[in-house]
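Please look through the sequence and the model shown below before reading on. The report then takes up some helix contacts, a sheet and the surroundings of one further helix.

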Amino acid sequence: MKLKNLMRRVLAVGLLVGASFPVYAEKPGFVYCEEGELKIDGKRYNFIGTNFWYGPLLAAENGDRARLADELDLLQKMGVNNLRVLAGADGSRRVDYHVEPTLQTAPGVYDDRLLDGLDYFLAELEKRGMKAVVYLNNAWEWSGGYTTYLEWAGEAEAPLPLRDGYETYTRYASKFVGNEKAKEMAAAHVKNIISRTNRYTGKPYKDSPAIMSWQIANEPRAFSKEAKRDLADWIRETAGLIKTIDPNHLVSTGSEGKVGCEGDIDLWEEIHAYPEIDYANIHIWPNNWGWTDRKNIEGSIPNAIEKSREYVEEHVAIAEKIKKPIVIEEFGYPRDGMAIALGTPVSARDRYYEFILNLPSVNPVVAGVNFWGWGGVAKPAHKSWHPGDDFTCDPAHEDQGLYSVFASDKTTVDIIRKSIEKLNKNK
């Protein structure tokens with residue numbers, strides 16, 4: 001049965017029996033949404049977290065579990081207990097600018113070592129009382145996602161932005177949200193992951209308190225004005241599908257906000273007002289969005305902060321209107337001078353982080369923020385990532401170290417720690 005028809009039947013049944021989304025049993029240790037707030041065990045849940053997309057890769061049998069333990073120890077020492085991660089990459093290996101090893105090597109075909117890694121990762125979080133937001137797809141090529149599903153659905157070989165140009169890539173990727181075969185394969189992946197039982201804990205994923213939210217995709221986009229309706233429909237269908245499998249966890253979009261909706265703030269509002277979506281997401285990338293002068297990163301801070309403030313306020317106003325909390329789940333700022341080497345100055349980044357990290361303490365609608373991202377003890381070997389290199393939080397196609405926060409970035413680490421202490425005092 002086609003995904004769209006299946007979900008129409010699921011939603012119709014829910015309406016007939018009087019169900020409405022979200023419906024949660026308030027389970028101990030689980031994050032849930034109530035009266036426009038995220039909560040755990042009846043108490044408001046606010047957090048300062050990080051992006052750590054490669055965590056399950058470190059946790060794999062062929063990964064680096066010793067490094068994983070070190071990274072989790074360092075994060076917990078800072079007070080960081082909320083991690084946004086990738087369930088796994090898709091597609092062939094040895095593709096330029098792609099993360100590997102890939103989890104899903106063909107439609108429904110998985111590398112068991114990486115499934116084991118996802119199990120191990122979530123089990124480790126359970127032991128530590130940490131939470132994960134797990135995204136299941138990606139609009140960008142670095143982990144497969146949209147374009148891998150299109151290839152599997154019979155489209156031509158996917159272009160790469162760095163090789164073939166950004167516009168060539170977006171024209172190709174815009175086909176995903178309208179391609180029924182590609183979406184059916186993506187839905188099958190959603191079902192395969194969410195219905196899994198963890199071999200380390202013996203519990204179904206739906207019963208794991210380590211999962212805060214299942215996320216539909218990293219930065220889902222239409223990539224064209226013509227595909228906006230298809231994007232909205234796909235997000236709602238996928239969110240509904242997730243809830244039929246797992247009624248215990250939150251569902252989120254992974255959206256960048258207005259920027260990720262072809263500049264259409266009304267589309268962002270519509271998507272996040274769906275009852276199947278529990279809380280709102282935005283990302284903020286001043287350097288990528290033209291709010292900085294790349295030749296003067298330090299001098300661009302006032303404009304970057306002001307533009308970010310405006311972007312947050314615009315989306316917060318809508319979150320208040322639809323009575324849902326908002327999470328700024330990606331934000332980043334480059335190292336001074338666009339440098340990438342370990343130990344290079346981060347004075348501008350520190351100023352930007354102080355602004356964003358303060359938001360959950362001063363704005364009750366902002367439930368949390370996740371900085372991009374944690375590089376920890378990694379030692380980058382090349383400008384772009386090569387197989388066998390340490391994982392940083394900079395994806396394979398990006399300069400390794402530009403946005404990553406390393407354990408050696410003492411001033412940034414101290415700002416994060418102090419911001420978390422302030423947030424916890426205000427609870």
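## Helices α9 and α10

In this predicted model, helix α9 passes α10 in a right-handed crossing. The axes of α9 and helix α10, which spans residues 265–273, come within 10 Å and cross at roughly 15 degrees; as angles under 35 degrees count as roughly parallel, α9 and α10 are therefore described as roughly parallel to each other.

On the side of α9, the residues that take part are K228, R229, L231, A232 and I235, and in α10 they meet L267, E270 and I271.

## Helices α8 and α9

Helix α9 (residues 228–245) also packs against helix α8 (residues 180–194), at an angle of about 25 degrees and with the two axes 10 Å apart. That angle makes α8 roughly parallel to α9, and α8 passes α9 in a right-handed crossing. The contact is made by K183, A187, V190, K191 and I194 from α8, together with W234, T238, L241, I242 and I245 from α9.

## The sheet of three strands

The model also contains an open sheet of 3 strands, arranged in the order β1-β2-β3 with antiparallel pairing. Strands β1 (31–34) and β3 (43–44) stand at the edges, and each has a single partner strand, so one side of each is left without a neighbour in the sheet. In general, strands of a sheet pair through backbone hydrogen bonds, either parallel or antiparallel.

Between β1 and β2 the antiparallel pairing runs over 4 bridges, and V31 stands opposite I40 in β2. The hairpin of these two strands has 2 residues between them, and in this hairpin E35 takes a positive phi near 50 degrees. Strand β2, made up of residues 37–40, pairs with β3 in the antiparallel sense over 2 bridges, and here K39 stands opposite R44 in β3.

## The two faces of helix α7

Which residues of helix α7 are buried? In this helix, which covers residues 166–173, they are Y169, T170, Y172 and A173. Seen down the axis of α7, these buried residues fall within an arc of 160 degrees, so they line one face of the helix. What covers the buried residues of α7 includes α5 (145–152) and α6 (161–164).

The face of α7 that is turned away from the buried side carries the exposed residues E167 and R171.

How values were computed:
Residues are numbered from 1 along each chain as its sequence is written. This is a predicted model: local features need pLDDT of at least 70, side-chain atom pairs count only at pLDDT 80 or more; totals for chains, interfaces and linings use all residues. Side-chain values use heavy atoms; hydrogens and water are left out. Two strands pair if DSSP finds at least two bridges between them. Buried means under 20% relative accessible area, exposed over 50%, partly exposed in between (1.4 Å probe, protein chains only). The arc is that of the directions from the helix axis to the C-beta atoms. Contact means heavy atoms within 4.5 Å. Axes are lines fitted to C-alpha atoms, for helices over the stretch in contact, and angles run from 0 to 180 degrees between N-to-C directions. Angles under 35 degrees count as roughly parallel, over 145 as roughly antiparallel, 65 to 115 as roughly perpendicular and the rest as oblique. A crossing is left-handed if the near helix is turned anticlockwise from the far one by less than a right angle, and right-handed if clockwise.
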